[in-house]
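Hi everyone, thanks for coming. Let me put the structure up, and then I'll walk you through a few places in it.

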Amino acid sequence: MDQHGTDWYAAALQNLTDTLIVASLQKQVMLLNSAAEQLTGWKQSDAQGKAVSEVLKFSSKSQVLDHSLLLEPVFQSGLSVNIPDRTFLKESHAAEHLVTGRILPVREENGNIIGALYQLHTKSVEQSSHPKLGISEHVLHTFIENAPIAIALFDQQLRYLATSQRWLQDYGLDGEILLGRSHYEVFPEIPEHWKTAHRRALAGAVLRNEECFIRADGSLQWLRWVIQPWHESPGTIGGIVMLTEDITERKLLEEENRKLLEQFAASQKMESVGRLAGGVAHDFNNMLNVILGHVGLGLLDIDAKHPLYDHLVEIRSAAERSAELTEQLLAFASRQVIEPRLLDLNETIEDMIKMLRRLIGEGIEFVWLPGASLGLVKMDPSQIDQILANLCVNASDAISGIGKITLETRNIEFDEAFCREHPGYLPGKYVQLAVSDSGSGIDQETLKNIFEPFFTTKRAGKGTGLGLATIYGIVKQNKGMIQVSSEVGSGSRFEISLPRQAAGEKTKVIKDTFETPPGQNEVILLIDDEAMLARTTRDILASLGYQVLTATNPREAIQAAQDFQGTIDLLISDVVMPEMNGKDLFNTLKSIRPELKVLYISGYTVNIIADHGVLKDGIIFLQKPFSRHQLAVKVRQVIEQNKSSDST
């Protein structure tokens with residue numbers, strides 16, 4: 001439309017005797033005609049852009065319906081809504097005028113709603129002869145019935161005067177027989193605190209709250225409600241209006257977000273512990289290795305009857321216990337280096353039964369229930385040992401006197417429906433290992449912290465608080481799940497579910513022996529950037545019958561490999577070193593000596609040769625600190641492996 005045409009429309013609007021106010025979708029005044037200026041006391045230039053509620057002043061703050069709610073069906077559905085009689089204040093001298101009228105949608109040429117038009121008529125007090133409500137039936141059915149929320153209007157006796165369709169739907173009511181009936185008749189078991197809220201609203205209070213209810217099917221429903229009075233005339237309360245909204249979905253999302261935040265905080269805590277453990281592990285493990293190495297050599301050269309022998313044994317025990325603590329910290333933080341293999345849990349457990357029976361002691365019945373046709377799991381067998389030892393010791397400690405510990409395995413599958421009802425489970429096929437006891441049980445408060453590192457209920461000196469934390473880390477590192485159920489006085493049950501592997505050839509686990517295998521005069525090139533540890537390891541290897549070439553940096557190692565005229569049977573290399581890491585050093589030396597094999601050692605978590613702590617196939621690794629016996633076993637394992645295997 002051209003400007004000339006627009007001027008004609010504006011002129012016509014300004015000369016209409018009806019009071020007209022145009023509002024935008026943002027509920028801001030866009031235009032007042034002359035009649036509206038006189039009624040409200042606002043000039044067009046001052047009112048433009050102001051909120052409608054600021055220009056149209058009601059004489060009472062408590063109204064039957066807020067005028068902003070009247071706009072919703074206009075904007076959303078394009079309905080024309082009648083305005084119930086209201087009293088506005090004229091801004092210029094605060095004169096009161098009773099008005100009526102309607103609100104119409106304003107549309108563009110393409111039909112899109114861009115605003116609303118208030119068409120108002122002033123009335124005298126005598127003209128305002130309304131029924132008790134002060135609202136016509138037509139207005140009620142136009143607005144309340146089509147309101148997008150659950151809303152109901154009541155008189156002072158709590159009898160239904162009007163409801164929205166949403167109210168009828170939400171509460172399963174029949175609108176034909178509802179009007180005129182008491183709210184307490186319709187809902188005879190209404191809670192007392194709601195009756196109190198109704199009385200307070202009838203006295204002038206505006207109340208709002210959020211509440212949780214149990215549906216007929218047992219599920220939870222959250223409602224947000226508002227109860228406030230409506231006024232049939234200034235100072236006279238005609239009844240109350242109730243608004244309710246189902247916010248169950250929002251509450252579920254809030255709860256889910258809360259749990260996610262808790263999980264994130266827990267994972268951050270684990271990550272922090274992991275970083276601390278990984279950082280401390282290197283230097284700490286190197287020093288422990290020196291202690292264990294020299295103690296081991298000292299015990300070789302001293303008779304068991306010597307006065308110093310027992311002292312050396314105690315030093316060795318303390319160093320080994322310190323090494324176990326570091327290993328547990330790394331396991332908890334999922335930074336333990338592992339060599340997973342396809343295992344039959346039943347066979348692995350069978351090899352441990354005697355040891356487990358010794359752990360739990362006499363007076364406790366031990367029951368082993370292996371599942372039939374058990375699937376395979378991919379896991380480091382030493383981690384199975386850690387899990388079972390910790391669980392069985394804890395179960396034994398929980399039993400006072402006579403009791404029973406049950407160890408069982410089974411195949412199990414969790415579907416999506418089960419996982420939705422049991423947080424923490426993931427759908428899939430698993431092999432489940434369960435340890436149950438008839439002990440004292442665990443209270444609910446303790447259960448919340450049971451996998452926290454250093455959390456223990458045992459008395460001082462009886463527990464480090466790392467046992468269950470270690471199990472938790474191991475299970476997570478192997479993409480499994482762990483659940484615990486317990487009641488005070490009824491014992492506890494730990495269930496560990498590990499991913500079931502597709503059919504494959506299970507790995508035969510070679511159990512360690514108590515014999516320390518000697519060398520056969522093979523030549524070993526040893527490199528460790530910690531000079532003290534390099535000397536200690538050299539002396540241990542020499543005591544086992546090996547010839548040893550020693551280097552403390554990669555350049556020395558490469559030079560030694562070039563200078564030595566004979567065969568070098570094995571490279572023992574630290575993983576993390578200045579200038580060049582152990583893997584790159586080995587690849588460089590392979591170009592000089594293609595027959596060379598390698599054993600990696602480290603006090604760090606081995607991120608260079610492992611993916612998330614899982615060693616690649618063919619790589620053999622020894623975690624510091626290690627004993628003379630452990631070093632001897634690993635060296636023979638590498639030297640005697642099939643020469644055609646690829647160690648890279």
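Let's start with a term: two strands pair if DSSP finds at least two bridges between them. Helices (H or I, at least four residues) and strands (E, at least two) are DSSP runs, numbered from the N terminus. Please keep in mind that this is a predicted model, where local features need pLDDT of at least 70, side-chain atom pairs count only at pLDDT 80 or more, and totals for chains, interfaces and linings use all residues. Residues are numbered from 1 along each chain as its sequence is written, and side-chain values use heavy atoms, with hydrogens and water left out.

So, the sheet. It is open, has 5 strands in the order β19-β18-β20-β21-β24, and its pairing is parallel. β19 (547–551) and β24 are the edge strands with a single partner each, so one side of each has no neighbour in the sheet. On average, neighbouring strands are turned by 20° against each other, direction ignored. Within the sheet, β20 and β21 (residues 597–602) run parallel and are joined by 5 bridges. Serine 573 stands opposite tyrosine 600 in β21.

Helix α20 (residues 554–563) lies across β18 (523–527) and β19, at about 160° to β18. For such angles, axes are lines fitted to C-alpha atoms, for helices over the stretch in contact, and angles run from 0 to 180 degrees between N-to-C directions.

Now a helix pair. Helix α14 (residues 353–360) packs against helix α15 (residues 381–398) at an angle of about 30°, and their axes are 9 Å apart. The two are therefore roughly parallel, a label for angles under 35 degrees. Which residues of α14 make the contact? They are Leu356, Leu359 and Ile360, and they meet Leu388, Ala389, Cys392, Val393 and Ser396 of α15; contact here means heavy atoms within 4.5 Å.

Most residues other than glycine have a negative phi, and most peptide bonds are trans. Leucine 158, however, has a positive phi near 60°. Leucine 158 sits in the loop between β6 (150–155) and β7 (160–163). Is leucine 158 buried or exposed? Leucine 158 is buried, at 3% relative accessible area. Glutamate 579 also has a positive phi, about 75°, but glutamate 579 is exposed, at 56%. The cut-offs are under 20% relative accessible area for buried and over 50% for exposed, with partly exposed in between (1.4 Å probe, protein chains only). And lysine 624 is joined to proline 625 by a cis peptide bond, with omega about -5°. Proline 625 is in the loop between β24 (621–623) and α22 (628–639).

Conventions
Angles under 35 degrees count as roughly parallel, over 145 as roughly antiparallel, 65 to 115 as roughly perpendicular and the rest as oblique.
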